[in-house]
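Good morning, everyone. Please look at the screen while I talk.

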Amino acid sequence: MNQQTIEPSFKLNHFNCPSCNQLSEQAWFNTYANLIQNAEGVPLRIQGADLERLYHNPQFPPEVREQKLEYWTRVNSGEVFLDRWVPIHSDTFVAGMELSVCHACKKAAIWLGGEMVYPRQDE
Ligand SMILES: [Zn+2]
């Protein structure tokens, strides 16, 4: 009842998380860009029948297939999250864009020009 609510802010590292609503510490991240260099030259998405084929691909052990299914299901649903991938080196800094990540739920928020644009607050 008497619990304090602190609106998410670019100037704070402690606010009510836009994902889990808990008042919690937020870690801030700068972002760097890495050029997409696949054959198609566009962002990779695996969905529908292709995801179904991937999930049943016997080349991967069952736990890897589960991980891939979970990953692509989250990406395909529009979720933005931090994930470990191969290390890259990039000196291309994305100026004006930052991420805040909640210590409680580990979910990410995207900030452009100091304004939170994800997760969308109008849903
Ligand atoms: Zn949270």
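First, the ground rules. This is a predicted model, where local features need pLDDT of at least 70, side-chain atom pairs count only at pLDDT 80 or more, and totals for chains, interfaces and linings use all residues. Residues are numbered from 1 along each chain as its sequence is written.

Now the parts list. The protein chain has 2 helices and 5 strands. These are DSSP runs, numbered from the N terminus: helices are H or I with at least four residues, strands are E with at least two. Along the sequence, the pattern is β-β-α-α-β-β-β.

Next, overall dimensions. The C-alpha trace spans about 55 × 40 × 25 Å along its principal axes. The radius of gyration of the protein chain is 17 Å, whereas a compact globule of 123 residues would have one near 14 Å. That radius is taken over C-alpha atoms, and the globule rule is 2.2 Å times the number of residues to the power 0.38.

How many of the 123 residues count as buried? The figure is 7%. Buried means 20 or more other C-beta atoms within 10 Å of the residue's own, with C-beta atoms placed from the backbone.

On to the sheet. It is open, has 5 strands in the order β1-β2-β3-β4-β5, and pairs antiparallel. Strands pair if DSSP finds at least two bridges between them.

Finally, one pair. β1 and β2 (residues 23-32) pair antiparallel over 3 bridges. There, His14 has Glu25 in β2 as its bridge partner.

Technical notes. Buried ≥ 20, exposed ≤ 12 C-beta atoms within 10 Å, placed from the backbone.
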